[in-house]
Amino acid sequence: MPLWTLRGLGQGKATTGWPRDPAAHGQQGTIGMPSVGVDRCTEDCHRCADACPTQAITLDTRGHLETLDYGRCVNCQLCVETCPAGTLQPGSEWAFGVRDRADLQWSLDPDPRPLEVRLAAHIERSFRGSLHVRHVDAGSCNGCESELQALNNPFYNLHRLGIFFTASPRAADLLLVTGTVTTGMHEPLLAAWEAMPEPKRVLACGTCAVSGGVCGGTETSGHGLEGVLPVDVWLPGCPPNPAAIIEALLVLLERKPQRIHGGRVHER
């Protein structure tokens, strides 16, 4: 008997019970997106905005934090390290999958919209049992791809949730896109989308696919999927961890509620 087989029999089942077991997501100790504390900003302080490599932070005329766009955030923590007042703090929230791009934008005066923003059309009943995903790398650094590969390891075992990756867009229900959508990948991306049968959905995976990230807006790099494809779920992160990707997929399938509204966490 091979040693790995014997070791596996001795250790028993390796697959996590998450999401049924809320504490078994495997991301304990992970540093999440920066959170906004209750402390006031220091007068005329621009350190966080100056340090942010993706212009995710805007300030008001007094130099106080006005908006924080998590769709641009790459979780580098530079804003936290440079904030002298403690307004920006290390966060623990890593599951930022949302249906509406506007829900990734924190502002001092939150939008008084209803918490639950439903899909324009409910997920078709045929998606409830299983979901086939076609992944397209539209110009990423392969950080998101390393996290996607972990979805099929024994711990996360994506297949147990009825979600599968497929090599052909003609067999796919969902187009999962990573990368900034470079000039060279623009047409292949659209070709994959056109080849998919109806009904079909789109998930923007990673900050690059959401807004372009650090490399967006150059001569050959785009600004993500906005204006390119009709996105159903936006998931920032650089890169988003496997549990965050699974949570975004379950939000798409309406099997888990969206937790982020107006850039703020709303527990259910």
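I looked at the sheet first: β2, β3 and β5 make an open sheet in that order, with antiparallel pairing. Strands here are DSSP runs (E, at least two residues) and helices likewise (H or I, at least four), numbered from the N terminus; two strands pair if DSSP finds at least two bridges between them. I noted β2 and β5 (105-107) at the edges, each with a single partner strand, so one side of each has no neighbour in the sheet. The twist averages 15° from one strand to the next.

The model is predicted, with local features needing pLDDT of at least 70 and side-chain atom pairs 80 or more, while totals for chains, interfaces and linings use all residues. Residues are numbered from 1 along each chain as its sequence is written, and side-chain values use heavy atoms, without hydrogens and water.

I then checked the β2 to β3 pairing and found three bridges, antiparallel. I57 is opposite L68 in β3.

Next I looked up the largest nonpolar core, which has 37 residues. Such a core is a set of buried (under 20% relative accessible area, 1.4 Å probe, protein chains only) Ala, Val, Leu, Ile, Met, Phe, Trp, Tyr and Cys residues joined through side-chain atoms within 4.5 Å. I57, L88, L175, L189 and L225 touch the most other members. Elements supplying at least two residues each include β2 (57-59), β3 (65-69) and α6 (183-195). α6 gives the most, with three residues.

I followed L225: leaving out residues up to four places away in sequence, L225 touches (heavy atoms within 4.5 Å) V177, V181, L189, V202, A204, A209 and V231. I also noted a second, separate core of 27 residues, W18, V233, A248 and L253 among them.

How values were computed
Buried means under 20% relative accessible area, exposed over 50%, partly exposed in between (1.4 Å probe, protein chains only). Axes are lines fitted to C-alpha atoms, for helices over the stretch in contact, and angles run from 0 to 180 degrees between N-to-C directions.
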